[in-house]
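These are my notebook entries on a structure that I opened for the first time. I record what I looked up, entry by entry.

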Amino acid sequence: MGLTFKKLHPHFVGEASPIELRRVHDPETLAAIRAGMDEYAVCVFRDQPFTDDEHLGFAQRLDGALHTKLGSAAIQKNRFGNEALGDISNLGADGEILKSDDRRRAYSLGNRLWHTDASFQDPPGRYSMLHAKVIPPAGADTEYADMRAAWDALPAATRAQIDGLRVHHSIAYSRQTLGFDFSKDEEEALKGAIHPLVRTIPRSGRRTLYVASHASRIIDWPVPEGRLMLRDLMEHATQRQFVYRHSWRVGDLVIWDNRCTMHRATPFEDARYRRELRRVTTLDML
Ligand code: OGA
Ligand code: MN
């Protein structure tokens, strides 16, 4: 059916030719989308009129089982009664804009830190699929960083030094850096997970850094040395030449590969305007 991608950045990000994903069931087209993900790591699909059920169904057809432990469950009940349907909005259960001192708002501000979804869980997230329903008039872009290009650009000595290391990821750690405190029960539910610092993406064979705001320490290294290395790697990987900035239009579906990209939200007037997106994330099963 002739799906093609236009590259939006020198390293990554493909914008798909017109396609209605909710109607895509055939194995050839699904394989072409997966091949696009292998190549571009972030794929942009415009004008997707998804209902929530169509969004959930498409995600499963594309990549299998859905992630339901996205972290926010420990903080608040899901607004849609389905933990697989991530509520990326500035709204409360009543659909009203959250007050600036609301704890749920403080929690969601953590998305402004560079991260990769559910790296504090095992299995972590593989593909995230974010669909735009309501977009404010200005701001609120999402930035993406290509961690494969960042790995490729590291000096050989650094690559040799960090290959094979393991990293502990914890959302309690990343949220605490913003002054957000978890209760004992919440912390108990969010113990964190250990993942390799350098990964190989199976189908493409590309090597990639796997770091995030959630990365709290390098296992087997003293904490300060590990944290300094993680900071240096984050700084390296988020240099402008590795970053794409997505300006949302209503109906956009952006799919990103959490194994080899980081992303972050950018500010907007969130006490004044609504912003409402839904996210479905698949499980990174081997
Ligand atoms: C997410 C996320 C950033 C944004 O949906 O996982 O981090 O701009 N979103 O809303
Ligand atoms: Mn995210």
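**Entry 1: Asp63**

I began with Asp63, whose side chain makes a polar contact with the side chain of Thr282 at 2.6 Å. The model I am reading is a predicted one. A second polar contact joins the side chain of Asp63 to the side chain of Arg126, at 2.8 Å. I then placed the residue: Asp63 is found in helix 2, which covers residues 52–63. Is Asp63 buried or exposed? Asp63 counts as buried, because its relative accessibility is 13% and the cut-off for buried is under 20%. Leaving out residues up to four places away in sequence, I found that Asp63 touches Arg126, Tyr127 and Thr282. I also looked up a separation: Asp63 and Thr4 are 59 residues apart along the chain, and 19 Å separates their C-alpha atoms.

**Entry 2: confidence**

The average pLDDT of the chain is 96, and 100% of the residues score at least 70. Which element has the lowest mean pLDDT, and which the highest? Helix 7 (residues 184–189) has the lowest, at 85, and strand 3 (residues 42–45) has the highest, at 99. I looked at one residue in each of these two elements.

Glu186 lies in helix 7. At 10% relative accessibility, I note Glu186 as buried. Its side chain makes a polar contact with the side chain of Arg103, at 2.8 Å. Beyond residues up to four places away in sequence, Glu186 touches Ala74, Ile75, Arg103 and Asp181.

Val42 has its place in strand 3. Val42 counts as buried, with a relative accessibility of 0%. What does Val42 touch, if residues up to four places away in sequence are not counted? I listed Phe12, Val13, Gly14, Tyr144, Val254, Ile255, Trp256 and Thr261. For a sense of distance, I looked up Val42 and Tyr107: they are 65 residues apart in sequence and 25 Å apart in space, C-alpha to C-alpha.

**Entry 3: the manganese ion**

Which residues coordinate the manganese ion (ligand 2)? I found His115 through NE2, Asp117 through OD and His263 through NE2, at 2.1 to 2.2 Å. Along the chain, the donors of this ion follow the spacing H-x1-D-x145-H. I noted that both His115 and Asp117 are buried.

**Entry 4: ligand 1**

I then turned to ligand 1. The residues around it are Ile88, Asn111, His115, Asp117, Leu130, Thr142, Trp256, His263, Ala265, Arg275 and Arg279. Among the atom pairs I looked up, an oxygen atom of ligand 1 is 2.6 Å from an N or O atom in the side chain of Thr142. A polar side-chain atom of Arg275 lies 2.8 Å from an oxygen atom of ligand 1. For the side chain of Asp117, the distance from an N or O atom to an oxygen atom of the ligand is 3.1 Å. How much of the accessible area of ligand 1 does the protein cover? The protein covers 99% of the 290 Å² that ligand 1 has on its own.

**Entry 5: Asp252**

My next subject was Asp252, in the loop between strand 12 (243–246) and strand 13 (253–257). Asp252 is buried, with a relative accessible area of 1%. The side chain of Asp252 makes a polar contact with the side chain of His246 at 3.0 Å, and it reaches the backbone nitrogen of Arg249 at 2.9 Å. Setting aside neighbours within four places in sequence, Asp252 is in contact with Phe45, Arg46, Asp47, Leu130, His131, Ala132, His246 and Ser247.

**Entry 6: Ser170**

Where does Ser170 lie? I located Ser170 in the loop between strand 7 (166–169) and helix 6 (171–176). With a relative accessible area of 7%, Ser170 is buried. Its side chain reaches the backbone nitrogen of Tyr173 at 3.0 Å. Apart from neighbours within four places in sequence, the contacts of Ser170 are Phe120, Gly192 and His214. Finally, I recorded that Ser170 and Glu187 are 17 residues apart in sequence, and 9.6 Å apart in space, C-alpha to C-alpha.

Definitions and conventions. Residues are numbered from 1 along each chain as its sequence is written. Chains are lettered from A and ligands numbered from 1 in the order in which they are written. This is a predicted model: local features need pLDDT of at least 70, side-chain atom pairs count only at pLDDT 80 or more; totals for chains, interfaces and linings use all residues. Side-chain values use heavy atoms; hydrogens and water are left out. Donors are N, O and S atoms within 2.8 Å of the metal (3.2 Å for Na, K and Ca); water is not among the atoms, so sites may look incomplete. Buried means under 20% relative accessible area, exposed over 50%, partly exposed in between (1.4 Å probe, protein chains only). Helices (H or I, at least four residues) and strands (E, at least two) are DSSP runs, numbered from the N terminus. Contact means heavy atoms within 4.5 Å. A polar contact is a pair of N or O atoms within 3.5 Å; within protein, one must be able to donate a hydrogen and the other to accept it, and residues adjacent in sequence count only if both atoms are side-chain atoms. A residue is near a molecule or strand if one of its heavy atoms lies within 4 Å of it. Accessible areas come from the Shrake-Rupley method with a 1.4 Å probe; for residues, only the protein chains shown count as cover. pLDDT is the predictor's confidence in each residue, from 0 to 100.
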